[in-house]
Amino acid sequence: MTQLSNRQLDRLGDRLRISDPTAEDLELLGQVGELYAGALDEVTRVLADLDLEPGGRPKTVGTLVDKLRRMPELPLSKMQDIAGARVVAEMTREEQDRLVERITARFDSYRVKDRRIEPSFGYRAVHIIVRVQGRPVEIQVRTRLQDLWAQIVERLADAWGRQIRYGEPPSEPDLRLRELTRQQFVDGLMQLSSAVDEVERAKVLLAELDRLDEELRARGEEPELDEEMAAVRAQLEGRERRLRATLERLHGASTRGTLAP
Amino acid sequence: MSFFLVVYDRSTGELRELTEFSEDEAARARRERLKRELAEREHPEIEVVVLTSPSRKALERTHARYFKSVSELTATAL
């Protein structure tokens with residue numbers, strides 16, 4: 001296979017921005033996939049070595065064209081997530097941080113994007129862009145709840161339009177699904193994202209207080225943190241109730257058949 | 001690692017095809033993907049992708065949207 005130059009890649013990207021892919025473009029995209037395949041395979045092997053169960057994928061033609069059109073200044077050769085791997089685990093945010101550290105320790109060149117601090121229209125995760133075999137590969141590290149949110153949005157975006165991933169209204173926003181319209185459902189998803197964030201942050205705070213309590217006791221001091229800990233526990237319980245209530249509302253409106261997906 | 005050729009109808013949420021290839025068959029999986037992509041060129045609602053995963057079970061966890069409806073997804077957290 002002939003190696004594609006960055007210039008060829010960028011020309012292909014420019015064509016895809018303005019017209020649907022021809023058969024020849026699809027052949028070239030196949031070659032683009034091959035360029036990144038080795039790097040992606042290496043990344044998934046490293047993640048499996050860490051006893052993780054990663055999923056990996058190259059960007060599909062649809063999502064690639066979508067991104068090129070959404071970001072007209074981005075050359076295809078500079079796109080960071082043509083190949084991506086994902087790790088999902090039941091873990092706290094502190095464990096998520098430690099997992100990110102374990103992963104980055106295995107790569108010489110990487111950059112971390114913390115989308116928990118800077119969420120993208122409700123999307124939260126930690127992304128690591130590693131450089132392997134001269135190509136960037138994006139590793140998404142998600143807690144189970146962060147992933148659940150993202151999977152729901154992805155699934156809905158297929159049916160209601162990918163613009164919902166970027167804060168735009170769904171197609172037919174007033175169409176009703178049981179007690180909620182599509183727009184209300186999307187608004188509910190934003191509330192769900194905030195609820196997940198609040199629960200995860202309260203757990204971090206509680207863990208920090210627990211640690212401080214243990215440290216002080218180990219030094220023979222009386223921590224006197226009971227009130228603070230009880231307050232944070234109560235806050236966490238309240239937030240977990242809100243999260244559950246939001247989930248139940250969305251679940252009630254999404255019985256299969258009423259939502260296309 | 002295994003390679004899974006996924007053919008998915010975005011408009012209906014239907015997983016039309018899921019074919020597993022072994023690690024040695026990675027190149028074949030990617031060729032097959034291109035062939036399917038060309039065949040579905042007139043149907044942008046059809047997504048064709050090759051996913052890498054240690055097992056189908058792991059794949060269902062990292063890429064749940066191909067396997068579960070919104071209702072089933074929300075149910076997993078209740």
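Begin with chain A, which reads α-α-β-α-β-α-β-β-β-α-β-β-α-α along its sequence. Helices (H or I, at least four residues) and strands (E, at least two) are DSSP runs, numbered from the N terminus. Chain A holds seven helices and seven strands.

The model is a predicted one, in which local features need pLDDT of at least 70 and side-chain atom pairs count only at pLDDT 80 or more, while totals for chains, interfaces and linings use all residues. Residues are numbered from 1 along each chain as its sequence is written, chains are lettered from A and ligands numbered from 1 in the order in which they are written, and side-chain values use heavy atoms, with hydrogens and water left out.

**Chain A as a whole**

Display the C-alpha atoms of chain A; along the principal axes they fill a box of roughly 70 × 50 × 30 Å. Of the 261 residues in this chain, 52% count as buried. Here buried means under 20% relative accessible area, exposed over 50%, and partly exposed in between (1.4 Å probe, protein chains only).

**The nonpolar core**

Next, select Val43(A), Ile103(A) and Ile139(A), which have the most contacts inside the largest nonpolar core, a group of 41 residues. A nonpolar core is a set of buried Ala, Val, Leu, Ile, Met, Phe, Trp, Tyr and Cys residues joined through side-chain atoms within 4.5 Å. Which element of chain A gives the most to this core? Helix 2 does, with eleven residues. Other elements that each supply at least two residues include helix 1 (6-18), strand 2 (83-89) and helix 4 (93-104) of chain A. In soluble globular proteins, nonpolar side chains tend to be buried together.

**The largest pocket**

Now select Lys59(A), Asp81(A), Gln140(A), Arg165(A) and Tyr166(A), the closest to the centre of the largest pocket among its 37 lining residues. On a 1 Å grid over the protein atoms alone, a pocket is an open set of points where a 1.4 Å probe fits, with protein on both sides within 12 Å along at least five of seven lines; lining residues have an atom within 4 Å of a point. The volume of this largest pocket is about 870 Å³, a volume being the space filled by probe spheres set on the points, which are joined across faces, edges and corners.

Helix 5 of chain A provides the largest share of the lining, five residues. Among the elements that each supply at least two lining residues are strand 1 (55-58), helix 3 (61-70) and strand 5 (135-143) of chain A. By residue type, the lining divides into twelve nonpolar, eight polar and 17 charged. In this division Ala, Val, Leu, Ile, Met, Phe, Trp, Tyr, Cys and Pro count as nonpolar, Asp, Glu, Lys and Arg as charged, and the others, Gly among them, as polar.

**Aromatic pairs and a charge over a ring**

How many aromatic pairs are there over all chains? The count comes to three, where rings of Phe, Tyr and Trp (its six-membered ring) pair if their centres lie within 6.5 Å, and planes under 30 degrees apart count as stacked, over 60 as edge-to-face and the rest as tilted. Select Phe121(A) and Tyr166(A): their ring centres are 6.4 Å apart and their planes stand at 90 degrees, so this pair is edge-to-face. Phe121(A) belongs to the loop between strand 3 (110-114) and strand 4 (126-132) of chain A, and Tyr166(A), 45 residues away, to the loop between helix 5 (144-160) and strand 6 (176-177). Phe121(A) is partly exposed, at 45% relative accessibility.

Move to chain B and select Tyr8(B) and Tyr66(B), whose ring centres lie 5.0 Å apart with planes at 85 degrees, so they too form an edge-to-face pair. Both of these residues are buried.

Return to chain A and select Arg135(A), whose charged end sits over the ring of Tyr36(A), 5.3 Å from its centre. This requires NZ of Lys or CZ of Arg within 6 Å of the ring centre and within 35 degrees of the ring normal.

**Two loop residues with positive phi**

Finally, select Asp51(A), in the loop between helix 2 and strand 1 of chain A. Its phi is near 65 degrees, and Asp51(A) is exposed at 73% relative accessibility. Then select Gln133(A), in the loop between strand 4 and strand 5 of chain A. Gln133(A) has a phi near 50 degrees and is exposed, with a relative accessible area of 53%. Most residues other than glycine have a negative phi.
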